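Reader: I'd like to learn how to read the packing in a new model. Can you take me through it feature by feature?

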Amino acid sequence: METVLEILKKTETFFKKYGVETPRLDAEHLVAHVLDCNRMQLYLDFERPLQEDILEKLRPLLKRRASREPLQYILGTAAFMDFELKVDARCLIPRPETEELLELVFEETDGNIGSCIDLGTGSGAIACALARKYPGADVVATDISEETLELALHNAASLGLKDRIKFVRSSWFEAVDQTFDLIVSNPPYLSDAELNEIEPEVADFEPAQALSSGPTGLEAINELISNATKFLNHGGSMFLEVGSNQAQSILSMAEKFSNVKVVVKSDLAGKNRFVTVRAVD
Ligand SMILES: C[S@@+](CC[C@H](N)C(=O)[O-])C[C@H]1O[C@@H](n2cnc3c(N)ncnc32)[C@H](O)[C@@H]1O
């Protein structure tokens, strides 16, 4: 019978052949998943023989990963901020950049948020983080996809936030009928050219509507910025995650609107990944 260590080595070689970027790490996650233990426990149990029933569970998962399905979809969960979310093909896997967006939001707003909205909520990541951070706030979360909203609702319920977040099916602001102190969104922002270059994990598995909103990649961002003042309370702010090469186009586009001040902010790597939008009096 093969041991944990032998299976890990074999899987690493198998994943390398299929271009998986972190073959050993992913092998460890998947073996730990079928053994229902954490990765560190594997290190204490390298010589443990793996029974056939475990291997039977493992094989289809390894095939899925070799086909470049994202690890998080196979495991069924993703860590975000200080909580866990269920993730599957209905949602984008929440990214570390979006955690940075929220850190910027928390830094730049005082605790005095009475109402906020997450537009294009996906897994519910941003809405859940906002509801946890601002316990007194009304939180709204929208998405264009009904099935994505079902997943976001499931995640909110698992975190005890079901009654804190109102989920609304809406194309951006279309079905939104109130104003907010805070508007946050990580909209789809890849251009057609970028879509042709992304890795298979994203292109073949993540929902197309989570990646792109039109050929230039700026369509959703334009829609959000152009509606900002209509949906912001006096003194309120909008925070968006954007593509690292979009800052200049966004600033030029924002010049058309005399009533907003748009500021570009960089992430920890120094890339221009965020914009804030505020009304000018
Ligand atoms: C980049 S994903 C972000 C998901 C999540 N907020 C996150 O940060 O992980 C964009 C989300 O916007 C949604 N979306 C796409 N077009 C939309 C539209 N017209 N109106 C509302 N949501 C839309 C997608 O379904 C997807 O869930």
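This is a predicted model: local features need pLDDT of at least 70, side-chain atom pairs count only at pLDDT 80 or more; totals for chains, interfaces and linings use all residues.

Reader: Let's start with helices. At what angle do the axes of α1 and α2 cross?

Author: Two packed helices are described by the angle between their axes and the distance between the axes. Here α1 (residues 4-17) and α2 (residues 23-35) cross at roughly 130 degrees, their axes coming within 8 Å. Axes are lines fitted to C-alpha atoms, for helices over the stretch in contact, with angles from 0 to 180 degrees between N-to-C directions. Helices are DSSP runs of H or I with at least four residues, strands are runs of E with at least two, and both are numbered from the N terminus. The angle makes α1 oblique to α2; under 35 degrees counts as roughly parallel, over 145 as roughly antiparallel, 65 to 115 as roughly perpendicular and the rest as oblique.

Reader: What residues make the contact of α1 with α2?

Author: From α1 they include Val4, Leu8 and Phe15, and from α2 they include Pro23, Ala27 and Leu35. Contact means heavy atoms within 4.5 Å. By class, there are 10 nonpolar, 1 polar and 6 charged residues. Ala, Val, Leu, Ile, Met, Phe, Trp, Tyr, Cys and Pro count as nonpolar, Asp, Glu, Lys and Arg as charged, and the others, Gly among them, as polar.

Reader: And how are α1 and α4 arranged, roughly parallel or roughly antiparallel?

Author: The angle between α1 and α4 (residues 52-66) is about 25 degrees, and the axes are 10 Å apart. The two helices are therefore roughly parallel. Ile7, Thr11, Phe14 and Phe15 of α1 meet Leu55, Leu58, Leu62, Arg65 and Ala66 of α4. That contact divides into 7 nonpolar, 1 polar and 1 charged.

Reader: At what angle do α2 and α4 cross?

Author: Roughly 145 degrees, with the axes coming within 10 Å. Among the residues in contact are Leu30 and Val34 of α2, along with Leu58 and Leu61 of α4. This contact has 8 nonpolar, 1 polar and 3 charged residues.

Reader: Now the cores. Which residues touch the most other members of the largest nonpolar core?

Author: In soluble globular proteins, nonpolar side chains tend to be buried together. A nonpolar core is a set of buried Ala, Val, Leu, Ile, Met, Phe, Trp, Tyr and Cys residues joined through side-chain atoms within 4.5 Å. Buried means under 20% relative accessible area, exposed over 50% and partly exposed in between, using a 1.4 Å probe and protein chains only. The largest core has 32 residues, and Phe173, Ile183, Ile221, Met238, Leu240, Ile250 and Val262 touch the most other members. Elements supplying at least two residues each include β3 (115-119), β6 (180-185) and α12 (219-231). The largest share, 6 residues, comes from α12. Leaving out residues up to four places away in sequence, Phe173 touches Leu119, Ile183, Leu224, Asn227, Phe231 and Met238. There's also a second, separate core of 28 residues, with Phe80, Phe83, Leu102 and Leu182 among its members.

Reader: How many residues of α7 are buried?

Author: In α7 (residues 125-133), 7 of the 9 residues are buried, including Ile126, Cys128 and Leu130.

Reader: Which backbone angles deserve a look?

Author: Most residues other than glycine have a negative phi, and most peptide bonds are trans. Asp36 has a positive phi of about 55 degrees, and sits in the loop between α2 and α3 (39-44). At 72% relative accessibility, Asp36 counts as exposed. Met81 also has a positive phi, near 50 degrees, in the loop between β1 (77-80) and β2 (83-86). Met81 counts as partly exposed, at 27%.

Reader: What does Tyr18 contact beyond its neighbours in sequence?

Author: Setting aside neighbours within four places, Tyr18 is in contact with Ala66 and Arg68. The C-alpha atoms of Tyr18 and Ala66 are separated by 5.6 Å, though the two are 48 residues apart along the chain. Tyr18 lies in the loop between α1 and α2, and is partly exposed at 39%.

Technical notes. Residues are numbered from 1 along each chain as its sequence is written. Side-chain values use heavy atoms; hydrogens and water are left out.
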